[in-house]
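Open the model in your viewer and keep the selection tool ready. The tour goes stop by stop.

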Amino acid sequence: MYTLRPYQSDAVKAVLHYFRRHASPAVAVLPTGAGKSLVIAELARIAKGRVLVLAHVKELVEQNHAKYEGYGLNGGIFSAGLGRKESQDKVVFASVQSVVRNLDAFADQFSLLVIDECHRVPDNQDSSYRRVIAHLQTVNPGLKVLGLTATPYRLGQGWIYQYHTSGKVRTTETRFFRDCVFELPISHLLDEGFLTPAHVLDAPLLSYDFSQVSRTANGYYREADLEKVVANAPRATPQIVEQIVDYARERQGVMIFAATVNHAREVLSYLPAQASALIVGDTPSTERDRLITAFKQKALKYLVNVSVLTTGFDAPHVDLIAILRPTESVSLYQQIAGRGLRLAPGKQDCLILDYAGNVYDLYQPEIGMPKPDSDSELVTIPCPACGFNNSFWGKLEDNGFLIEHYGRQCQGYFEDEDGEREICGYRFRAKFCDECGADNDIAARRCHQCDAPLIDPDKKLREALKLKDALVVACNDMTLTAGKNRYQKPQLKVTYHTHEGNDLHEVWPLASKKQKQDFLARFVRPHLVDRHRPFDATAPTKVTASQHRFHPPDFVIARKQGRFWHLRQKIFDVENFISQDRLTALLAQSRGQAFAESDAS
Ligand SMILES: [Zn+2]
Ligand SMILES: [Zn+2]
């Protein structure tokens with residue numbers, strides 16, 4: 001039998017707890033080296049009904065089955081590639097391709113379906129995975145589906161699940177896997193000694209400068225762009241390889257991650273020929289298997305590759321990882337470095353040499369946004385609307401004060417007693433529509449509510465500054481005053497107190513239904529701080545009593561009409577949309593302009 005590590009039994013408990021209450025498919029995130037086979041074994045052992053464990057390649061089916069039987073348990077194998085078609089055992093390990101071709105053999109109920117490397121389950125209903133799942137669900141509508149993966153975040157596709165157990169929404173799009181019920185960070189395994197310690201050496205003197213390379217819309221780097229950087233540093237590669245070989249003297253297995261196929265070939269050409277091999281995307285699979293076996297048996301010391309060697313590749317003795325390519329995400333970085341972190345006899349640590357200025361480390365959680373630059377760090381930003389603690393990239397002063405963060409929208413969600421979920425959706429940065437007051441994503445070009453074009457705050461300011469008779473000033477505060485117009489109809493007067501000390505006024509008539517609606521849309525929405533609490537009062541005294549729930553705009557733009565300044569536009573620059581430098585420059589300009597105006601008058 002076996003003993004679970006504490007986090008493994010936590011994972012099992014989390015899964016059980018979830019499936020007691022929910023029927024929707026769920027994901028557990030376990031990094032490479034976490035021992036997911038033990039989690040599978042325990043779930044299969046305690047499950048009341050039958051369990052099917054699916055993988056997409058025979059190597060994984062075999063590995064999972066071998067570990068399971070290694071714990072003294074018995075399970076069947078259903079895989080054409082392994083020459084076994086046993087579908088009647090209590091626990092069956094199967095390859096998805098074999099099952100989809102033999103659905104008749106799976107006419108009896110399973111209560112739990114476990115999918116290994118579940119990030120491969122596509123949204124496409126016609127895929128093998130989805131057809132197998134649909135079939136099993138027909139046989140047992142109460143089937144529970146659990147996915148296991150180390151990489152829940154995929155470039156171009158995003159998060160493979162929608163909600164995280166911490167109360168975080170990852171995407172507003174529906175996903176096949178609704179919830180992530182358990183997640184173990186790689187840092188935990190490092191801290192607890194379940195992985196080999198990493199010794200990371202940034203090599204700033206000898207390195208490629210990939211910092212100017214831009215990404216595609218999907219977040220990837222283009223091969224041609226990477227090629228250019230490597231080609232522009234012709235002396236770098238031989239020197240880098242020389243250094244790797246130097247560091248590798250006391251090492252057993254070295255994996256080198258190159259930027260492109262040409263780059264990989266060049267790297268290979270400088271390595272000791274008998275001890276090195278290259279694996280690229282179109283290396284034939286027999287050749288690939290032969291090279292990997294030789295590498296695992298230590299007949300080869302250096303293995304160069306371009307795309308990450310992932311599934312089915314498990315060489316625990318690797319103790320030097322050289323990264324010669326920029327990595328697109330924290331996950332990818334950790335996946336690459338993780339190849340060297342498996343425990344192995346006699347292995348003390350893993351040396352990680354970074355020649356590409358990667359800004360990630362092994363302790364960073366994936367937050368689904370590329371790190372903006374090397375100064376950025378993870379910051380916790382509580383949502384003013386729901387209180388959820390968001391994780392965003394941001395910048396801190398030395399004393400720990402927040403300078404700015406790059407988060408756009410609150411990731412919090414709530415679930416009521418009926419299990420209905422509501423996403424908070426508070427926007428830290430928003431473009432407010434001047435027409436209807438709706439808040440829009442900062443990248444939006446048109447209002448999602450009324451389709452009016454949306455203009456960046458920065459552009460609004462620049463345009464206002466071009467106008468001869470415009471006053472552009474930062475707004476410090478505002479005062480609400482309830483009152484009546486000369487016909488004794490209720491109205492609300494709003495006074496904006498500006499940086500320069502001049503006050504600008506705005507009057508909202510609040511008598512007719514139309515006026516009230518207009519006020520709610522165009523005043524309340526953009527000014528309301530706690531937008532999660534509805535505000536529908538339109539009686540002037542009620543509004544003034546709630547003055548604390550409204551914030552002033554960041555800037556006001558006024559135009560001169562006759563002798564008076566008339567408020568024309570309010571600009572909400574939520575969370576430093578306009579940089580501090582820009583703001584200072586704009587204000588200096590506008591102050592100059594305001595003075596020029598008053599001199600002239
Ligand atoms: Zn929130
Ligand atoms: Zn609108």
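**Stop 1: a parallel pair.** Select residues 51-55 and residues 91-95. These are strands β2 and β5, which run parallel and are joined by five bridges. Bear in mind that this is a predicted model. Now pick V51 alone. Which residue of β5 is the bridge partner of V51? That partner is V91.

**Stop 2: the whole sheet.** Widen the view from this pair. Strands of a sheet pair through backbone hydrogen bonds, and the pairing can be parallel or antiparallel. Here the pairing is mixed, and ten strands make up an open sheet. Step across the strands in this order: β4-β3-β5-β2-β6-β7-β1-β12-β10-β11. Then colour residues 84-85 and residues 168-169. They are β4 and β11, the edge strands, and each of them pairs on one side only.

**Stop 3: a helix across the sheet.** Select residues 58-70, which form helix α3. Show β2, β3 (76-79), β5 and β6 (112-116) along with α3; the helix lies across these strands. Turn the view until α3 and β5 can be compared. The helix runs at about 160 degrees to β5.

**Stop 4: α2 against α3.** The crossing of α2 past α3 is right-handed. Display side chains for S37, I40 and A41 on α2, and for N64, K67 and Y68 on α3: this is where the helices meet. By class, the residues of this contact are three nonpolar, two polar and one charged.

**Stop 5: the annotated range.** Select residues 17-170. An unreviewed UniProt entry annotates this range as "domain: Helicase ATP-binding". Over residues 17-170, the chain is 31% helix and 27% strand.

**Stop 6: α8 against α9.** Move on to residues 236-247, helix α8, and residues 261-270, helix α9. Their axes come within 9 Å and cross at roughly 50 degrees. Why is α8 called oblique to α9? The reason is the crossing angle: roughly 50 degrees makes α8 oblique to α9. The crossing is right-handed. Show T237, P238 and V241 on α8; they meet E266, V267 and Y270 on α9. Colour this contact by class and you get four nonpolar residues, one polar and one charged.

Conventions
Residues numbered from 1 in each chain as written. Chains lettered and ligands numbered in written order. Predicted model: local features only at pLDDT ≥ 70, side-chain atom pairs only at ≥ 80, totals over all residues. Pairing = 2+ DSSP bridges. Helix = DSSP H or I, 4+ residues; strand = E, 2+ residues; numbered from the N terminus. Contact = placed C-beta atoms within 7 Å. Axes fitted to C-alpha atoms, helices over the stretch in contact; angles between N-to-C directions. UniProt positions renumbered as here; feature names shortened; annotations may be inferred. Left-handed = near helix turned anticlockwise from the far one by under 90°. Nonpolar A, V, L, I, M, F, W, Y, C, P; charged D, E, K, R; others polar. Parallel < 35°, antiparallel > 145°, perpendicular 65-115°, else oblique.
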